Amino acid sequence: MIDNQASHLAAMEAHDAAVKTIATHVRSFYERQKAFRIYHGSTNSTRTSQRRADNTINTSSLNHVLSIDKTTMTAMVEPNVPMDDLVNATLKHGLIPPVVMEFPGITVGGGFSGTSGESSSFRYGAFDSTFDSIEIVLPDGTIAKASKKERNDLFWGAASAFGTLGVVTLLEVRLLPAKKFVRLQYEISTSVEDSVKKIRTECDDSDNDFVDGIVFDKHTTLVCTGRLVDEVPEGEKVRRFTRRSDPWFYIRAREVQNTLKKADGKSESAVVDHVPLVDYLFRYDRGGFWVGKYSFSYFLVPFNRITRFLLDRFMHTRVMYRAVHKSGLADYYMVQDVGVPFSRTAEFQTWLDDTFNIYPLWLCPLRIRREDPDSSYGLHSEFSKADTPDLMNFGVWGPVKGSRREVVEMNRALERKVQELAGKKWLYAHAYYTEEEFWAHYDRGSYDALREKYKATFLPSVYDKVKVDVDREEEERNKDWRTRGRAMLGDVWPLRGLKGFLGAARGGDYLMRKKGKHVES
């Protein structure tokens, strides 16, 4: 039974009115065969957007949880609802989404339209696998519903399509019973092969709800396994990560791995924390996993408990990614998430060590095979095959040395290696493929057929939206002496970083997108 039926009906009436307005605007673009972008509010996309009043569909008002049905265990959610609002709303009913992305500002629509996963994805798959239906405004202005039973080609095609098949305006997400805490166990591995074996073993244990890992160096991986519980054992201290005075989760993990390395298996083989559920779900928000520590190095600021406390406002991901946008420093970082089959994990990690030596790395096992046998549509149509392997996701985030062109070539090397190993790169971040290389990864035939069927061919393709054009970047940078001078001045340390810092300070709290989260389409 839906809680507060009258309130739900009023919310749906307001939603329907907003969607009709959006549909009218979309239809006007279709009649002129003019491409448009979708503006969701703010984003943490690592790409910029050419947004103007005459080329944009504004969906920023679609940011409400419209209903939660405890009987069907589902929620009706507008696309611009961030993860923290969704979690807060569902927890009031003792429920939680099966997959919750790790940054609180990631939006529901972004997780569906991109490819997002987290430490529960070894069981439940990517975020888009946890939905039962969507409402979408098609490119001709038609308001349609798509689900696994109705227009299932559109439902699966819209997942990971980055808004190129229409404007998603409502999503029905499945929910699960929640508990108060996560019993989080840490174990150390001293070889790549051992860490893969441990992670696979933990994934196969039906009692586990969460599995991920942090690779600190070639010989040290911390495997983190979580179970939902309602009680904390007597005498155990609750461990928190979301308050200003709390440690970053990365700092706690580093402390644990040092403890386990010193023990060397003689006195203890694991450490256990009991973490409030919300603190666990958003444990990587403060510090953006560990990427925030690079800002301390950039500004020559000591990285310690006092400085982290004083700068805590700027160490949450909503603000951090605003600073990245403003500064342009992301152009000189490796910011990629890629998945390779478990059988190729050791080979890939060894290659990463030899090629980039970027640490830490994030490991997250992903079950990407779709349970629906009739789901072979869209970019990831192959996920419907029965023999689709589980993947080990690698989060590779860190600074690399070299010019912009050299940084691009390093990213291209990563893309080529992932393709060689029959892996997948997730498209939330910069993509450096040529068009031919890109479509060798993704099902262009199925995607183009859907674009034709649903009258979307006048819109940019996914490749158009994710590609990086370095030649165009340089042309814009050098088009006249003013822009060239501003660009050269902005490259001077620490002006670039200060620009990002000040932009974040003025910008306040921004909704963001990571590992495929919502973009300005």
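Trainee: In which loop does alanine 35 lie?
Mentor: This is a predicted model. The elements on either side of alanine 35 are a helix and a strand. Alanine 35 lies in the loop between helix H1 (5-32) and strand E1 (37-39).

Trainee: Is alanine 35 buried, partly exposed or exposed?
Mentor: Buried means under 20% relative accessible area, and exposed means over 50%. Alanine 35 has a relative accessible area of 32%, so the residue counts as partly exposed.

Trainee: Which residues does alanine 35 touch, not counting residues up to four places away in sequence?
Mentor: Histidine 219 is 184 residues from alanine 35 along the chain, and their C-alpha atoms are separated by 50 Å. With residues up to four places away in sequence left out, the residues that alanine 35 touches are Phe29, Phe458, Leu459 and Pro460.

Trainee: How many residues of domain 1 and of domain 3 are in contact?
Mentor: The domain assignment gives domain 1 as 1-177 and domain 3 as 329-462. Their C-alpha centres lie 23 Å apart. The contact involves 34 residues of domain 1 and 30 residues of domain 3.

Trainee: Which domains each give at least three residues to the lining of the second largest cavity?
Mentor: The structure holds five cavities of 30 Å³ or more. The second largest cavity has about 110 Å³ of space and is lined by 13 residues, with Thr115, Ser116, Gly117, Leu366 and Trp426 nearest its centre. At least three lining residues come from each of domain 1 (1-177) and domain 3 (329-462).

Trainee: Which strand gives the largest share of the lining of the second largest cavity?
Mentor: By residue type, this lining divides into six nonpolar, five polar and two charged. The largest share is three residues, and the element that supplies them is strand E15 (residues 361-366).

Trainee: Which element gives the largest share of the lining of the second largest pocket?
Mentor: About 610 Å³ of space lies in the second largest pocket. Helix H9 (293-298), H11, strand E14 (333-341), strand E16 (391-399) and helix H19 (495-507) are the elements that give two or more residues to its lining. The largest share, six residues, comes from H11.

Trainee: What covers the buried residues of H2?
Mentor: In helix H2 (residues 83-91), the buried residues are Met83, Asp84, Leu86, Val87, Ala89 and Thr90. Their cover includes strand E3 (65-69), strand E4 (74-77), strand E5 (95-96), helix H3 (108-113), helix H8 (277-281) and helix H11 (317-327).

Trainee: Which residue with a positive phi follows H12?
Mentor: Helix H12 spans residues 345-355, and Thr345, Phe348, Gln349, Trp351, Leu352 and Asp353 are buried there. The phi in question is near 55°, and the residue is asparagine 357.

Trainee: How far apart are the end C-alpha atoms of residues 154-173?
Mentor: An unreviewed UniProt entry places the feature "transmembrane region" at residues 154-173. In the model, the chain over residues 154-173 is 25% helix and 35% strand. The distance between the end C-alpha atoms is 17 Å.

Technical notes: Residues are numbered from 1 along each chain as its sequence is written. This is a predicted model: local features need pLDDT of at least 70, side-chain atom pairs count only at pLDDT 80 or more; totals for chains, interfaces and linings use all residues. Side-chain values use heavy atoms; hydrogens and water are left out. On a 1 Å grid over the protein atoms alone, a cavity is a set of points where a 1.4 Å probe fits but cannot get out, and a pocket is an open set with protein on both sides within 12 Å along at least five of seven lines; lining residues have an atom within 4 Å of a point. Grid points are joined across faces, edges and corners, and a volume is the space filled by probe spheres set on the points. Helices (H or I, at least four residues) and strands (E, at least two) are DSSP runs, numbered from the N terminus. Ala, Val, Leu, Ile, Met, Phe, Trp, Tyr, Cys and Pro count as nonpolar, Asp, Glu, Lys and Arg as charged, and the others, Gly among them, as polar. Domain bounds come from an automatic or database domain assignment. Buried means under 20% relative accessible area, exposed over 50%, partly exposed in between (1.4 Å probe, protein chains only). Contact means heavy atoms within 4.5 Å. UniProt positions are given in the numbering used here, feature names are shortened, and annotations may be inferred rather than shown by experiment.
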